[in-house]
Structures are given as structure tokens and as C-alpha cells.
Amino acid sequence: MAFKGAPDSVALLLFFVFWYAGNMKYNEYNTAALNAVGGKTSGLTMTVATMQLGVCAVYAMIMWAIKLNPAKLLGLQMPDKQSMPKITQADVIKSLKLAFCAAGAHAATVFALGGDPLFGQIVKSAEPVLAAIVGTVFYNKAPTFYKVCCLPIIVGGVAFASLKKGVDGSYSLKFDVTALVFGMLANAFAAFKGGENSRLMADKGIAERYGGVGNQFAVTQILGFIILLPIMYATEGSKLPTFLETLKTDSSLQFNLVMSGLAFFIYNELATYTLKVTGAVTASVANTAKRVIVMVYMAAVTGKVLTDEQKIGSAVAITGVLLYALIDDL
């Protein structure tokens, strides 16, 4: 029998640890990369988001070249074999809608987190609200009555987190507009991505030719990179020479751009490994806990303290997300 490595139980625990760590480090590297190009007002956010997917594309092609996926080494297990998928041109065309939604979700998230890493995370917690609307309208997958009852809790939490108490004790809306608008746009793209992924993988032939979710994710990132390139040129092309000059001379940008792309690819793979073998309840709790941990970590990294309203609002919103995920099983 070939040497496998650590027992599956140990590997699963390590996958959870590195999934969380990878998500936290992605947020940190992403923030640092955006700061290196001048922050949210630099006009280079789309460029950073596109280049991150470029790193993912290169990483995927290296895996296919060596025919190994090293992700399982993080669980102290032998790496999986991963050959290039045997998909057809027609399969690629069918995958374009999923890739467009995935690229949109990624780019919008980078804009949201660039606006305000903490408030952006709070807004991102409202993803089930957009998923319910998109699923009902476009995919004939309406949530149950009990799930619908959880949506006002999520919306109310995000709304409360957007409030700021004045010196006279009155409340007014005060939030980062970029984080709110692009956070909700990212949620919408993510909702469509989920629907398109289900449609695509319902085709057993395509699923078989992809040869696993690892290959599907890799192809999605490559297509997403190709899709974002013309958008990047159209919106930020005039600043590309500035970006390239900074990239050549700034080691901080070089490091954080590459590491944010790698962290994004790897933590998504590890999330797939963990959620594939855990039950729905465990997966829901894990996803909810991840949001809390990432917010606490980013507060520590950025030195930005959450307001009382943001603490209460995020707690309410995340509790609503957890209830939404679990209520049909209670």
C-alpha cells in the first residue's frame, strides 16, 4: 500500500486551520497590495484584482505541468495527481458564465475590502440575502419560509453596523460607500456564481471531463483572468505604465501581489476539501466562525477598532447567517 501520510482526521483538522489562516492572510496581503499602489483612490484596484487571478492562472498551469496538486501537503498527506482536464471547446464556452460571475465576485470583493476591510466583511456577511433573491428569481430555487424569516435579521445587522452615534446621542448613517456598494455587488455575483456552478456541474459529462473540482476551480480562475483583462485595460489602462513601474521597483507590491493570489487559490481549495467531507451543520458553523475570525484578525492587522455599532451589527448579521444556514435542520 502506498504511503498516504497523516490520518484523514488529522489532515481535516489541518485543512481547517490552513483554510482559516489562508483566508486571513489573503485579506492581509490584499490590503497590503492595494496600499502599495496607493490605496482605494489610486485607480488601480481592478489591476490588483486582475493580477491576483493572473497569479492563480500561473499556479494552475504549474500544477498541470508537474501533474501534482501540493495542497494536501498542508494536511501532511501526499499530494494528489492533477492532470490537465480533458474539456472540449464547447465545455469552455459553457463555463464562461460561471467564470464571469466568479471574476466579478472576486473583483468586487477586492474593491469592497479596499474601501474598508472591516465594514467590507460585514457587508459580505449579507450574501444569503442576495442568494435568496437571485435563487428565487433566476434559478427557481426559493428559500424556505423559515430561511426567509432570517433575512431581516441579516439586513438589520448590516444596517445597524452602518450607523454612527453623534455627540448628541442621535444616530446617522455613516459608512464607506465603496465597501457597501461593491460588497453587495460581490454578494450578487457570488449568488449567480453558485447558481451557474450548480447548472454546469449538473452536466455529468462536463463534470467527468473536468476530472474533479480542483480542475474546475483552476479553469474558472484562468477564464476569470482572461475576462478581467479587457475590463482592466478599459478602466485603468492609462495607469498601467505607473503600475508596471511600481511593480518593478517595489518589493512590497511584488510580494503581496503574488502572495495574495496564491493565498486566494489555496484557501479556496482547502475550503473545498473541508466542506466536502463535513456535514451541513459543521460547514455552516465553520463558515460563520471564519467571518468572525477574519474580522478580528483584520482589526488587529489594520489597527482599526470596530465601533460599538459595528460590533453589535456584525454580531447580529452573522447570527442571522448562522440561523439561515441551520434553521431547516433544527
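A nonpolar core, as used here, is a set of buried Ala, Val, Leu, Ile, Met, Phe, Trp, Tyr and Cys residues joined through side-chain atoms within 4.5 Å. Buried means under 20% relative accessible area, exposed over 50%, and partly exposed in between, with a 1.4 Å probe and protein chains only.

Some ground rules. This is a predicted model, where local features need pLDDT of at least 70 and side-chain atom pairs count only at pLDDT 80 or more, while totals for chains, interfaces and linings use all residues. Residues are numbered from 1 along each chain as its sequence is written, and side-chain values use heavy atoms, with hydrogens and water left out.

Now the core itself. The largest nonpolar core has 53 residues. Which members touch the most others? They are Trp19, Leu53, Phe243, Leu253, Phe264 and Phe265. At least two residues of this core come from each of helices H1 (8-36), H2 (45-66), H3 (89-115), H8 (204-210), H9, H10 (240-249) and H11 (251-277). Helices here are DSSP runs of H or I, at least four residues; strands are E runs of at least two; both are numbered from the N terminus.

Contact means heavy atoms within 4.5 Å. Leu53 is in contact with Ala103, His106, Gln221, Gly224, Phe225, Leu228 and Phe264, leaving aside neighbours within four places in sequence. Phe265 sits in helix H11. Its relative accessible area is 0%, so Phe265 is buried. Not counting residues up to four places away in sequence, Phe265 touches Cys56, Tyr59, Ala60, Met63, Phe217, Ala218 and Gln221. Gln52 is 213 residues from Phe265 in sequence, yet 9.3 Å away in space, C-alpha to C-alpha.

On to H11. This helix has 27 residues and reaches 39 Å from its first C-alpha to its last, close to the 39 Å expected at 1.5 Å a residue. The expected span is 1.5 Å times one less than the number of residues. At the start of H11, a side-chain oxygen of Asp250 comes within 2.9 Å of the backbone nitrogen of Ser252. That is a polar contact: a pair of N or O atoms within 3.5 Å; within protein, one must be able to donate a hydrogen and the other to accept it, and residues adjacent in sequence count only if both atoms are side-chain atoms.

Next, aromatics. Rings of Phe, Tyr and Trp (its six-membered ring) pair if their centres lie within 6.5 Å; planes under 30 degrees apart count as stacked, over 60 as edge-to-face and the rest as tilted. The whole structure has 13 such pairs. Tyr26 and Tyr267 have ring centres 6.1 Å apart and planes at 50°, so this pair is tilted. Tyr26 lies in H1 and Tyr267 in H11, so the pair ties together parts 241 residues apart in sequence. Buried or exposed? Tyr26 is buried at 3% relative accessibility, and Tyr267 is buried at 11%.

Take another pair. The rings of Phe145 and Tyr146 have centres 5.7 Å apart and planes at 70°, so they are edge-to-face. Phe145 is exposed at 61%. Tyr146 is exposed at 52%. There is also an aromatic cluster of Phe16, Trp19 and Tyr20. Phe16 lies in helix H1 and is buried at 18% relative accessibility.

Then a charge over a ring. The charged end of Lys147 sits over the ring of Tyr324, 4.4 Å from its centre. The criterion is NZ of Lys or CZ of Arg within 6 Å of the ring centre and within 35 degrees of the ring normal. Tyr324 is among the buried residues of H13.

Asn215 is in helix H9 (residues 213-236). At 5% relative accessibility, Asn215 counts as buried. A polar atom of the Asn215 side chain lies 3.0 Å from the backbone oxygen of Ser83. Asn215 also touches Trp64, Gln82, Met84, Pro85 and Tyr210, among others.

Last, backbone angles. Most residues other than glycine have a negative phi. Lys67 has a positive phi, near 60°. Lys67 is in the loop between H2 and strand E1 (68-69). Asn140 has a positive phi too, near 55°. Where is Asn140? Asn140 lies in the loop between helix H5 (127-138) and helix H6 (145-161). Asn140 is exposed, at 72% relative accessibility.
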